[in-house]
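Hi there,

Here is the structure I promised to pass along.

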Amino acid sequence: MTRSVAATRGIAWRLLGTATAVLFVASACSSSSATPSPAFTQPAASQPAASQPAGASPAASAAASQAIDTTTPMTLNVLLMQQAAYSASDIQAMDDAFTKAYPNITINPELVSYDSLHDKIVTAQVGGSGKYDVVLMDTPWPAELVTANIVSDITSKVPADFTSGVFDSAWTAAKYNGKVYGVPWINDTKFFFYNTDMFAKAGIATAPKTWDEVEADAKLIKATGVKYPITASWKQAEAVICDWTQLAAAFGGSDFVDASGKALFNQGGGLAALTFMKKLIDEGLVDPASLSQTEDDVNSVMSAGQSAMALNWTYGLSVMNDPTKSKVAGKMKVAPSPGEGSVTTSGVNGGMSLAVTTTTKHPNEALAYALFLASESSQEMDVANALPMWKASFDNTNVTKGNPDLFAAAKIQFAGLVARPVVPYYTKLSNALQDAIQQTLLGKKTPQQALDDVAAQLPTFQQ
Amino acid sequence: MAVGTLRRAPLKRSKPWPETWVAAAFVAPAALVIFLVVVVPLARAAWMSLFDIELTRPGVEPFVGLGNYLTQLTSAGFWDSVFKALFFTVVTTVLELSLGVGLAMLMDQPMRLRWVLRSLVILPWALPTIVNALMWRWIDNATYGSLNALLTQVGALHDYVPWLSQDTTAMWMVIIADVWKMTPFCAILILAGLQGIDRELFEAARVDGAGTVAIFRRIILPLLTPIILIVLVLRTMEAFKVFDIIWIMTGGGPASSTQTVAIYAYRTAYQGYDFGQGAALGYLIAIAIMLLAAVYLWLLRRTGTTTS
């Protein structure tokens, strides 16, 4: 697993060279030489086991503390994401609790935006100094990061209570080829949020259960004077892939690429979902501004009372119901994302996991930190913005009482989340699909033509 | 002590360095830095552009010769982004120059509080690009942007327009934001050129019966040609490699309608991690910019003035 110094330096040189050439015209960034580290499987030190940190589950601590160095001062560099759920202050509180239990370990968290996270991981770990010990990994990335030898295999080190206690769907965010490369930390999917006032005004009593019902309800709401009843995050970015995946699963097709690498997204559910999205645009039910909107923009539009329904991540509900930010606070409700036909509901896997890097010099301590952040008690810190991934949390009324509707919807959706394609060439595929979906929504290509064009590019991506 | 009794001992002068050595010694540190941070990476990038290098596939880097260049030159995506960059370049440069000349003429007029006008005009240029881009993204917002509010209130629009979500309007919105920011730059340079023109020429022309338009066409424009060409060179090179303002306002969308060649290169190199292709793209863009600059420099020489 250890990379040679020469190879790493070579990659660093290439990064520097490409940065100069490509951003000779834009703006350049460079990198420095990398430092190799012991492989993850090497024990860090043969120190006594640490005392159990406050808040960590016993099994987690037991598994992670087998060879934790509790005396040598060390710093763990951690790359995380700026977000409402597990905000900087939440993370600081978790870090403080961890360092209280392990006074010799200092945590140096670095929070970047989601759009920068993937690029930062790859450039820092492969081309740069390889300084991170723990990185946050999105669902489609394990294949790519494993192929590039960035993240470590921790299959044998995952505590038993994590394996059994965490939703199965959360593990898909951390696995590749049957092996575990991350500790699930964020379990999320897109829920259906709706404005109860607008529904009542249109004479609709309950949330729609199918996408056909969504269409019918949207027409009723439009008739009451709401110009665009639905708003969406369909910008040419990862956001549109998440929505399309969720719809594709509802329309019965969540497999995008078969085992031989052949495209499946241009038929069945993938095709039906895109056709349906285009239909909603053509009927004037979805706001055309959705094509430049991210999830934060959706929250703003819903909070302004401009639209009646939207798909969004968990944190959206607390934003839309926040009286200091929203005109419709208290009127927003959540329901499971609609299904279609025999599919009762669907959810894109928006989970993320904490991965231990191959360049870390402190693999056991890094894993202990990841397990601490993902422990049941840490997960239950901020349930308003991020739902826990522990099954037991959903049966704990102390946890669910703040928002029983959200937990009820989540329990249904978490049982069957679908992943975006977990393939080593995911970034290229995602970029091509984003463009294809927007070409369709703008009427420049038919759904079939746009998806077929991406399917034709697959062999190039796979080279 | 009597003044004048101290005599300075004659200096023992060693043989002076040849002048070229002294010059070389002064230049050496800067030359070394430039060599390390410019020449070496450029050479390395040229070398990389001959290999199939993907960051997420370490250790497998076959030599492909000019394959990366050929791949891009035969790629529809590359040419599409080149044409978008050219469109952006031509429109923004023409608008910025035209408005810049007009603003410079206005600022050159004797008037009270002229300094206030000059300060206000330079303000957009003083703003960081990221601030400018974010500001225009808010102005253009379909739901709560001030542009839609203004146009509907004055009756120019009956309905809100999603300016940044339509492929037909997104590029124009980005162009407006760039023109708003960069016109002052053109105006200030052209104003400097205007102030170098001898005022007696205008008076002589007026005595001969020339009107304002004739003075502008026959005197001002010809004398401003060198500075206009310099502004053209600078703005063309900047506009062709535009990245930041578009990336922040639209991210290259919708449907890649604002994906200029620099954004295409960024996506290839830093999102696809295809560093061989990225290096080749960097060189193709650099060559294109150098060709454009060469045309302008040739025009400059034709006008009888060169920058040298």
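This is a predicted model: local features need pLDDT of at least 70, side-chain atom pairs count only at pLDDT 80 or more; totals for chains, interfaces and linings use all residues.

The crossing of α4(B) and α7(B) is left-handed. Helix α4 of chain B covers residues 114-126 and helix α7 of chain B covers residues 170-195; their axes come within 7 Å and cross at roughly 125 degrees. An angle over 145 would count as roughly antiparallel and 65 to 115 as roughly perpendicular, so α4(B) is oblique to α7(B).

As for who meets whom, α4(B) brings Val121(B), Ile122(B), Pro124(B) and Trp125(B).

Next, the meeting of the two chains. Here 40 residues of chain A are in contact with 45 residues of chain B. On the chain B side, the elements giving two or more residues are α1 (19-48), α11 (261-271) and α12 (275-302). The most comes from α12(B), with 9 residues. By class, that side of chain B has 27 nonpolar, 13 polar and 5 charged residues.

One last item, from chain A: helix α17 (residues 404-414) has Leu406(A), Phe407(A), Ala409(A), Ala410(A), Gln413(A) and Phe414(A) as its buried residues. Viewed down the axis of α17(A), these fall within an arc of 165 degrees, so they line one face of the helix.

Key:
Residues are numbered from 1 along each chain as its sequence is written. Chains are lettered from A and ligands numbered from 1 in the order in which they are written. Two residues are in contact if their C-beta atoms, placed from the backbone, lie within 7 Å. Helices (H or I, at least four residues) and strands (E, at least two) are DSSP runs, numbered from the N terminus. Ala, Val, Leu, Ile, Met, Phe, Trp, Tyr, Cys and Pro count as nonpolar, Asp, Glu, Lys and Arg as charged, and the others, Gly among them, as polar. Axes are lines fitted to C-alpha atoms, for helices over the stretch in contact, and angles run from 0 to 180 degrees between N-to-C directions. Angles under 35 degrees count as roughly parallel, over 145 as roughly antiparallel, 65 to 115 as roughly perpendicular and the rest as oblique. A crossing is left-handed if the near helix is turned anticlockwise from the far one by less than a right angle, and right-handed if clockwise. A residue is buried if 20 or more other C-beta atoms lie within 10 Å of its own, exposed if 12 or fewer, and partly exposed in between; C-beta atoms are placed from the backbone. The arc is that of the directions from the helix axis to the C-beta atoms.
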